[in-house]
Amino acid sequence: MSDVRATTRSQELYAHARELLPGGVNSPVRAMKAIGREPIFIARGAGSRVWDVDRNEYVDWVSSWGPLILGHAHPAVVEAVAEAAARGTSFGAPTEAEVQLALEMSGRMPSVEMMRMTSSGTEATMSAIRLARAVTGREKVLKFAGAYHGHVDGLLTEAGSGLATQGIPASPGVPAAATAATVTVPWNAPETLPSSSDLAAILVEPIPANMGVVPPHDRFLETLRAEADRSGALLIFDEVITGFRVARGGAQGHLNVLPDLTIMGKVIGGGLPAAAFGGSRELMERIAPAGDVYQAGTLSGNPLATAAAVATLRQLGDAAYGRLAETTETLAGGLREAAAEAGVALTVQSVPGLVTPFFSDRPVWNYAQAAKADLQAYAAFARALLDRGVYPPPSQFEAWFPSLAHTQEDIEHTLDAAREAFGEVADR
Ligand code: PMP
């Protein structure tokens, strides 16, 4: 694979896009501002690779931010979607594939007996919180600084640095009333959990990946489980990233702690818009029309997304998860070694299917520590990788997403590029 030469067409498209789309993109991180460069417009993908509109080829470690566990344009997924499309793209009526998908998902996620499908993780989170509030008759939601659960008004709160912070809106346009019922505490700090018994839900990324990968301390999830049981709150695992990725049964299967409700997304759509929330039959039967908690969606359980989902999950057996874990470890270990050789302070944190190289000389256990990483070093590293045909997440606070399409050759190419890129970081 040759180095990236020009990105002229990307620059032209970006200039045009900025006149039509705010910031030239449809989701902020894509603009690559955090690494100080212009975005790259993608023309196509196959397996572990993407090609930009200037015909440069990249090993892709973003994998659409998680959905593409099989890589780009996997033949089984493409075929399933094409077949479904030929039968009709949407009916607004139930289909057999939704039943098949629900069976596949509930068979994998230990705590999910019944589910409701949505089109995005944001919708699923919003609806799961509504259900928790209805079930408990309470309003407050506890979340963790540095976690992300979609752009739900009430969850866009400032991340506090220290003790619990009562929700302060993190974006203009979010009403103070929407965040007033959100309590934010630092991750991995059991001593900061509120002792009150007025929480509707404890909402948690069981293995946070939106401040970079920051796994829970030993027994922290068990503490949250016990705290939910003590206070009568529902424990909600947001497994939008971890579900069907870190293990067959998601983080709950991997770490053996069961939530009351689970939010799922990304992998289950196989690259099409699909998400869901689920839990015990008793809780989920509060959702309309079985129960009285309103929730709906024109495209929920959409036939194309459902077909992609079933096709994706059917590829994900035990062997696949073993392979994904190996790929992750080889990449993580290789980055560690390459940084050490270059004399760059790097802490690589990983779980199967997720990796973050933090430009930090010590382990990162919470958002305040993640924020202290050398963001300029990450930016220089990411830019240098892109110049060498490797596409990393364009932000320090994200996970790299290995897929089953990544090969030994992809890893070697990435590590060759990383050795040079670390050299550039060291010489800054
Ligand atoms: N929860 C988590 C853990 C996420 O990472 C994301 C998106 N990155 C969401 C929820 C929101 O999902 P969506 O972007 O599909 O609305």
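Start by selecting helix H4, residues 121–136, which gives the most to the shell around the ligand, with three residues. Helices here are DSSP runs of H or I with at least four residues, strands are runs of E with at least two, and both are numbered from the N terminus. The model is predicted: local features need pLDDT of at least 70, side-chain atom pairs count only at pLDDT 80 or more, and totals for chains, interfaces and linings use all residues. Residues are numbered from 1 along each chain as its sequence is written.

**The ligand shell**

Next, show the 15 residues around the ligand; Ser120, Gly121, Thr122, Gly150 and Val240 come nearest. By class, the shell has five nonpolar, eight polar and two charged residues. In this scheme Ala, Val, Leu, Ile, Met, Phe, Trp, Tyr, Cys and Pro are nonpolar, Asp, Glu, Lys and Arg are charged, and the others, Gly among them, are polar.

Select residues 114–118, strand S4, where four of the five residues are buried. Buried means that 20 or more other C-beta atoms lie within 10 Å of the residue's own, exposed means 12 or fewer, and partly exposed lies in between, with C-beta atoms placed from the backbone. Strands count as paired if DSSP finds at least two bridges between them. Within this pair, Arg116 stands opposite Phe277 of S11.

**The four-stranded sheet**

Move to the open sheet with the order S1-S2-S3-S14, which has mixed pairing. Its edge strands are S1 (42–46) and S14 (390–391), each pairing on one side only. Inside the sheet, S2 (residues 49–52) and S3 pair in the antiparallel sense over three bridges.

**Two domains**

Colour the chain by its domain assignment: domain 1 is 8–73 + 317–427, and domain 2 is 75–314. These bounds come from an automatic or database domain assignment. The centres of the two domains, taken over C-alpha atoms, are separated by 25 Å. At the interface, 28 residues of domain 1 are in contact with 30 residues of domain 2, where contact means C-beta atoms, placed from the backbone, within 7 Å. On the domain 1 side, the elements giving two or more residues are helix H10 (318–342), strand S12 (347–351), strand S13 (354–358) and helix H11 (367–371). The largest share, four residues, comes from S13. This side of domain 1 divides into 18 nonpolar, eight polar and two charged residues.

**Backbone exceptions**

Most residues other than glycine have a negative phi, and most peptide bonds are trans.

- Ala73: phi is near 50 degrees, a positive value in a residue other than glycine. Ala73 is found in the loop between strand S3 (57–60) and helix H2 (75–87), and counts as partly exposed because it has 14 C-beta neighbours inside 10 Å.
- Asn188: phi is near 65 degrees, also positive. Look for Asn188 in the loop between strand S7 (182–185) and strand S8 (199–204); with 19 C-beta neighbours inside 10 Å, Asn188 counts as partly exposed.
- Pro289: the peptide bond from Ala288 to Pro289 is cis, with omega near 5 degrees. Pro289 lies in the loop between helix H8 (281–284) and helix H9 (303–314).

How values were computed:
Near = placed C-beta within 6 Å. Contact = placed C-beta atoms within 7 Å.
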